[in-house]
Amino acid sequence: MRRPLSRERIVDAALELADSAGLSGTTMRALATTLGVEAMSLYNHVRNRDDLLDGMVDAVFAQIELPSGTGDWAEELRARSHSAHAVLTRHPWAVGLMDSRRAPGPATLRHHDAVLGALRAGGFSIAGALHAFSLLDSYLYGYCLQEQSMPFDGADELAEVATGIAESMGDDYPWLSEAITQRALAPDYAYGDEFAVGLDLILGALAPDGLPTVPGGRRAEPS
């Protein structure tokens, strides 16, 4: 027996369609075809495409591991960031939508509340928690976008692309050549490891008082 149509079923199907066809291919008509229903029947459960996108983004947020706010704040935010990176790798179309919705759903609100709660429990001020949250997500979303645009997929393609670039440069770009030949082409190098390295740098630089480090190792005075 066919499952009855519901908002949850429509959103789940929309996620699968977006994963395979991209966001531009996730039209109401295509979604109706996927579900085996008439397009107009979708509007009994979602008001319009914006409402559908709200539901899709909320469903993506629901897949991200939440910090509990009871452990070490840096470890909890590290686990959350790795979880978010894995989720956005599965749903690459969602990266540019994650904080774009004017009507965020309960999973989105729960996620943001949990991240801020973990930072506040770790000793960050209200402003400091917001600064840290913004910095972490700027890195997360920026890295995901950069990762998606790279002209290779896996170590073999990376080696092929990097070798081609290195051979075309000659001796005109010594520092870039050094980075490619001695790092990018090293047997133990994996571009996917860069996310963890950058995340550790950011978490190591953050402090519960929310104040950045200034030259000389001092903490900036609050304004």
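Contact means heavy atoms within 4.5 Å. Helices (H or I, at least four residues) are DSSP runs, as are strands (E, at least two), and they are numbered from the N terminus. This is a predicted model: local features need pLDDT of at least 70, side-chain atom pairs count only at pLDDT 80 or more, and totals for chains, interfaces and linings use all residues. Residues are numbered from 1 along each chain as its sequence is written, and side-chain values use heavy atoms, with hydrogens and water left out.

**Stop 1: helix H9**

Select residues 174-184, which form helix H9. Buried means under 20% relative accessible area, exposed over 50%, and partly exposed in between (1.4 Å probe, protein chains only). Colour Ser177, Ile180 and Ala184: these are the buried residues of H9. Now look down the axis. The buried residues fall within an arc of 105 degrees, so they line one face of H9. That arc is taken from the directions from the helix axis to the C-beta atoms. What do they pack against? Show residues 155-169: the buried residues of H9 pack against this helix, H8. Then turn to the face pointing away from the buried side. Pro174, Trp175 and Gln182 are the exposed residues there.

**Stop 2: the aromatic rings**

A pair of aromatic rings is described by the distance of the centres and the angle of the planes. Rings of Phe, Tyr and Trp (its six-membered ring) pair if their centres lie within 6.5 Å; planes under 30 degrees apart count as stacked, over 60 as edge-to-face and the rest as tilted. The structure holds six aromatic pairs. Select Tyr139 and Tyr143. Their ring centres are 6.0 Å apart and their planes are at 45 degrees, so the pair is tilted. Both sit in helix H7 (residues 126-149), four residues apart, about one turn of the helix. Tyr139 and Phe195 form a stacked pair, 5.4 Å centre to centre, with 10 degrees between the planes. Tyr139 lies in H7 and Phe195 in helix H10 (residues 194-205), so this pair ties together parts that are 56 residues apart in sequence. Both Tyr139 and Phe195 are buried. To finish, show Phe152 and Tyr191 as well: ring pairs link Tyr139, Tyr143, Phe152, Tyr191 and Phe195 into a cluster.

**Stop 3: the nonpolar core**

A nonpolar core is a set of buried Ala, Val, Leu, Ile, Met, Phe, Trp, Tyr and Cys residues joined through side-chain atoms within 4.5 Å. The largest one has 56 residues. Select Leu31, Leu52, Met56, Leu88, Met98 and Leu119, which touch the most other members. H7 gives the largest share of this core, nine residues. Zoom in on Leu31. Beyond its neighbours within four places in sequence, Leu31 is in contact with Ile10, Ala13, Ala14, Leu17, Leu42 and Leu52.

**Stop 4**

Is His111 buried or exposed? His111 is buried, with a relative accessible area of 0%. Find it in helix H6 (residues 106-121). Not counting residues up to four places away in sequence, His111 touches Phe61, Ile64, Leu66, Arg80 and Phe133.

Last, select Arg90 in helix H5 (residues 73-90). Arg90 is partly exposed, at 46% relative accessibility. Leaving aside neighbours within four places in sequence, Arg90 is in contact with Asp19 and Gln63.
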